Amino acid sequence: MVTKVPSRTVRQRPLTRLLLAAAVTATTLAAPAAAQAAPPAEGDAKSGGKVLTVAVSQSVDSLSPFLAQKLLTTSIHRLAYEYLTNYDAKDAKPIPGLATEWKPSADKLTWTYTIRKDSKWSDGKPATAEDAAWTFNKMMTDPNAATANGSFTANFAKVTAPDPGTLVITLKKPQATMTALDVPIVPKHVWEKVGDFSKFNNDQSFPIVGNGPFVITDFKVDQYLKLKPNKNFWRGAPKFDELVFKYYKDGDAAVAALQKGEVSFVPNLTPAQAAALKSAQNIKVNDAPGRRFFALATNPGARAKDGKKFGNGHPALLDPAVRKALFLAVDRQTIIDKVFQGHAVEGEGYIPPRFGSYFWKPAATQKLAYDPAKAEQILEAAGYKKKSGAGPRLDKDGNALAFRILCHATEPNDKAIGKYLSEWWGKLGIALKVECLDSVSDPWVKGDYDLAFDGWSVNPDPDYVLSIHTCGALPATPKDSGATDNFICDPSFDALYAQQSVEYDTAKRADLVKQMQSRLYDTGYMNIMAYPNALEAYRTDQIASITTMPEAAGNIYGQDGYWSWWSAEPAGGGSDGEDSGSSAGIWLIIGPAAIILVGVGLWAARRRRATADDRE
């Protein structure tokens, strides 16, 4: 299949009218003819339609677009709601979404968006500028509604809808992200009835009204989430009758299900799994540069905006000498070679190399290359002495230096790297306890950790992943949740963030973003170890073709848009069900076939900590 989407100019430049007429061709992966058909995916026999089943290892945090931060859930919201703009599947440039064109004023303080006339909510009501204005105004006036995406509206002075087809946003100061506002637009007539946005998870009444390519029709915690194709979607309806995202706690079980034809697609493969699948019949492995980074996060001393500190992070990690020594004792090349087996690039700056204009790497004099001897010298000079030649290293109070690291129990890379860190740091006389949990949300939000395996998926515009390390992202009080990733609050970083957010010149903004990465690198609270490839596989006897993003060596799962699932073509050509339109749905199964996972506390922890699947 060849999918066409409109092409647009680069996001950071002032944009004049963008018309729908221009088009570019997105890349698709075409499947060879199936030699032997696999059994129908789960749900196929029941619905009588074509089913695309995706194995996932992450739970849904909230079906409220105002609270959701996990990659899985934000991806679902991209399927269910239109944003003002989208990202071109070819090259990630901004293209029309709910807005067909946009134009800034001469001083860049007023942006006018033309809202399309052919978008309707799934209940039949038209989607208008009033819905967009209400969405943004709610985020501007209710802190709870700004939980997930408040950084996008913090600089908004006023948002109005002078008529159904016109949205006007007035800014306090110029804002470089005005063509990359990654905020789902919700229907005013539904959401204005909501009371407490901090507690409303949008999971009790179905179908959920939306205007994206799919409609959410049902959901049960840690079991499934169903969506059906939106037959009236303005770009055209999806081709599959049903899509099932099915939860597998164990990655090997997901791969076995793929081999049996029980699922159509599996993301986040290990190198060993990918190698085994490359020779499997009717299975195609996609190995592409990813949009994620894999990091070692250090607790900087959890605190809230009100100044109150909380959590039990180790005080020794507040010493920059200790943080520097620990990272000097991390052999990143061994991690690339032994853990990722070459399916990753050695980590340096915060933004992955896939985003070339923002990619930064430290100079030779700044880089903390693997040097355990130097690490030991730094610790000794800072007063952290060994009790004896082979004994434990002591902190400044005379206690043995020992740290904890949060590990995702569902992520084999965490466990493997944890063993290496235990070995490397053990040679320095520092003990490490690797605490692998099914969900690391609770201790992370409470600040009850020393170190943690961390990672985020980066958007084409890096503003959001930079904003989560600003002081403004901290929780209001220790009892609240905030957008912060790791409780970092550094005035120097904040000053650079403020500068890049108002800079429209692409080269100047890129330079500021690189300065931010340099500052983050030097603080030692976020040490990037690797940029993993997107290792994923799908059955060619179930999926004939599917759009990758970007055009060259792109990924399928976790895209900046809805292109993969919207464009996917069933093998055998279209629906084979007599009444698939009325009974079809997209299933997100969160629980294994024979196991229902307990959902206690799921909604209280509204941040994306469950697995290595991360926020966009």
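## Helix H14 and its cover

The buried residues of H14 are covered by elements that include H7, helix H8 (332–339), helix H12 (463–467), helix H13 (491–501) and strand E21 (526–539). The model is predicted: local features need pLDDT of at least 70 and side-chain atom pairs pLDDT 80 or more, while totals for chains, interfaces and linings use all residues. Residues are numbered from 1 along each chain as its sequence is written, and side-chain values use heavy atoms, with hydrogens and water left out.

Helices (H or I, at least four residues) and strands (E, at least two) are DSSP runs, numbered from the N terminus. Buried means under 20% relative accessible area, exposed over 50%, and partly exposed in between (1.4 Å probe, protein chains only). Among the buried residues of H14 are Arg509, Leu512, Val513, Met516 and Leu520.

H14 (residues 506–523) has 18 residues, which at 1.5 Å a residue should span 26 Å, and its end C-alpha atoms are 26 Å apart, in agreement. The expected span is 1.5 Å times one less than the number of residues. At the start of H14, a side-chain oxygen of Asp505 comes to within 3.1 Å of the backbone nitrogen of Ala507. Just after H14, Gly524 has a positive phi of about 80°.

## Salt bridges

The whole structure holds 22 salt bridges, each a side-chain nitrogen of Lys or Arg within 4 Å of a carboxyl oxygen of Asp or Glu.

| Pair | N to O distance |
|---|---|
| Arg291 and Asp560 | 2.8 Å |
| Glu380 and Lys385 | 3.5 Å |
| Asp461 and Arg509 | 2.8 Å |

Asp461 forms a salt bridge with Arg509. Asp461 is buried at 5% relative accessibility, and Arg509 is buried at 0%. Arg291 counts as buried at 3%, as does Asp560 at 1%. Glu380, at 26%, is partly exposed; Lys385, at 43%, is partly exposed. A network of salt bridges links Arg332, Glu346, Glu348, Lys361 and Lys367.

## Asp319

Asp319 lies in the loop between strand E16 (292–298) and helix H7 (320–328). Asp319 is buried, with a relative accessible area of 17%. The Asp319 side chain reaches the backbone nitrogen of Ala321 at 2.9 Å. Leaving aside neighbours within four places in sequence, Asp319 is in contact (heavy atoms within 4.5 Å) with Tyr384 and Lys396.

Terms used. A polar contact is a pair of N or O atoms within 3.5 Å; within protein, one must be able to donate a hydrogen and the other to accept it, and residues adjacent in sequence count only if both atoms are side-chain atoms.
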